Amino acid sequence: LDLAEAPIEAIAAACGQGSLVFHLAANASVGSGDAGYRNNVRATDRLLEALRACAPARVVYASSIGAVDRLPGDRCTTLLDETAVPHPLTRYGEGKLEGERLLKASGLPFAIVRPTWVYGPGMRADSHVRVFLDMVRAGKLVTGVDFPGRVSLVHVDDLCTAMLLVG
């Protein structure tokens, strides 16, 4: 079901009354630019419109650490948590942040999860983790990256467990 294009009634029927809804749908490519932004925001907006008639128990929204990000020059001396001021650096991150705003304004019960770099079976070929691992396997120089902080990784199974807990 394409949330950006399907009839609102079809989206509502797929969700059902009083359901726990996990919104994981997105064009997750950071390089998708304006088209990805529009598609992700439109899909979220239409899902929320459909859910208003369904009275969901809760909507669990898979956002992204990219919705927060750090300003260039930030030396990563503080953690990014729910109190961090958002500074998305990509259209993907901006779209995820806008999805969060739409959800907060919807009046529906919700939880937002901002996954970091997710790894495990079924990783996309263009995911951060897969690209990095492919570089290491190919013997490419990866130590020359000027990255001041650490990167948090989460296994897909652990992420699913966390999402079920907040649901």
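Guide: A residue is called buried under 20% relative accessible area, exposed over 50%, and partly exposed in between (1.4 Å probe, protein chains only). You are looking at a predicted model, in which local features need pLDDT of at least 70 and side-chain atom pairs count only at pLDDT 80 or more, while totals for chains, interfaces and linings use all residues. Residues are numbered from 1 along each chain as its sequence is written, and side-chain values use heavy atoms, with hydrogens and water left out.

Visitor: Thanks! Is Arg42 buried, partly exposed or exposed?
Guide: Arg42 sits in helix 2 (residues 33-51), helices (H or I, at least four residues) and strands (E, at least two) being DSSP runs numbered from the N terminus. Its relative accessible area is 37%. That value makes Arg42 partly exposed.

Visitor: With which residue does the side chain of Arg42 meet in a salt bridge?
Guide: A salt bridge here is a side-chain nitrogen of Lys or Arg within 4 Å of a carboxyl oxygen of Asp or Glu. For Arg42, the N to O distance is 3.8 Å, and the partner is exposed at 54% relative accessible area. The partner lies in the segment before helix 1 (8-15), so the pair ties together parts that are 37 residues apart in sequence. That residue is Glu5.

Visitor: How many salt bridges does a search of the whole structure find?
Guide: One group is a network of salt bridges that links Asp34, Arg91 and Glu94. Asp134 and Arg137 form a salt bridge too. Over the whole structure, the number found is 8.

Visitor: How far apart are the closest N and O atoms of Glu100 and Arg114?
Guide: Glu100 is in helix 3 (residues 91-105), while Arg114 is in the loop between strand 3 (110-113) and strand 4 (117-119), so the two link distant parts of the chain, 14 residues apart, with Glu100 buried at 1% relative accessible area. Arg114 is partly exposed at 24%. The closest N and O atoms of their salt bridge are separated by 2.6 Å.

Visitor: In which helix do Asp134 and Arg137 both lie?
Guide: The closest N and O atoms of this salt bridge are 3.0 Å apart. Asp134 is partly exposed at 36%, whereas Arg137 is exposed at 62%. The two are 3 residues apart, about one turn of the helix, and that helix is helix 4 (residues 128-137).

Visitor: Over the ring of which residue does the charged end of Arg91 sit?
Guide: A charge sits over a ring if NZ of Lys or CZ of Arg is within 6 Å of the ring centre and within 35 degrees of the ring normal. Arg91, a member of the network with Asp34 and Glu94, has its charged end 4.0 Å from the ring centre. The ring belongs to Tyr37.

Visitor: How many disulfides does the structure hold?
Guide: A disulfide needs two cysteine sulfur atoms within 2.5 Å. The sulfur of Cys15 has its closest cysteine sulfur in Cys54, 5.7 Å away, which is too far for a bond. Cys15 is buried at 17% relative accessibility, and Cys54 is buried at 3%. The disulfide count is 0.

Visitor: Which residues form the covered face of strand 1?
Guide: In a regular strand the side chains alternate between the two faces of the sheet. In strand 1 (residues 20-23), Leu20 and Phe22 make up the uncovered face. The covered face has Val21 and His23.

Visitor: Which residue in strand 2 is the bridge partner of His23?
Guide: Two strands pair if DSSP finds at least two bridges between them. Strand 1 and strand 2 (residues 58-62) pair in the parallel sense over 4 bridges. The bridge partner of His23 is Tyr61.

Visitor: The backbone nitrogen of which residue does the side chain of Asn40 reach?
Guide: Asn40 lies in helix 2 and is buried, with a relative accessible area of 8%. Its side chain reaches a backbone nitrogen at 2.7 Å. That nitrogen belongs to Asn27.

Notes. A polar contact is a pair of N or O atoms within 3.5 Å; within protein, one must be able to donate a hydrogen and the other to accept it, and residues adjacent in sequence count only if both atoms are side-chain atoms.
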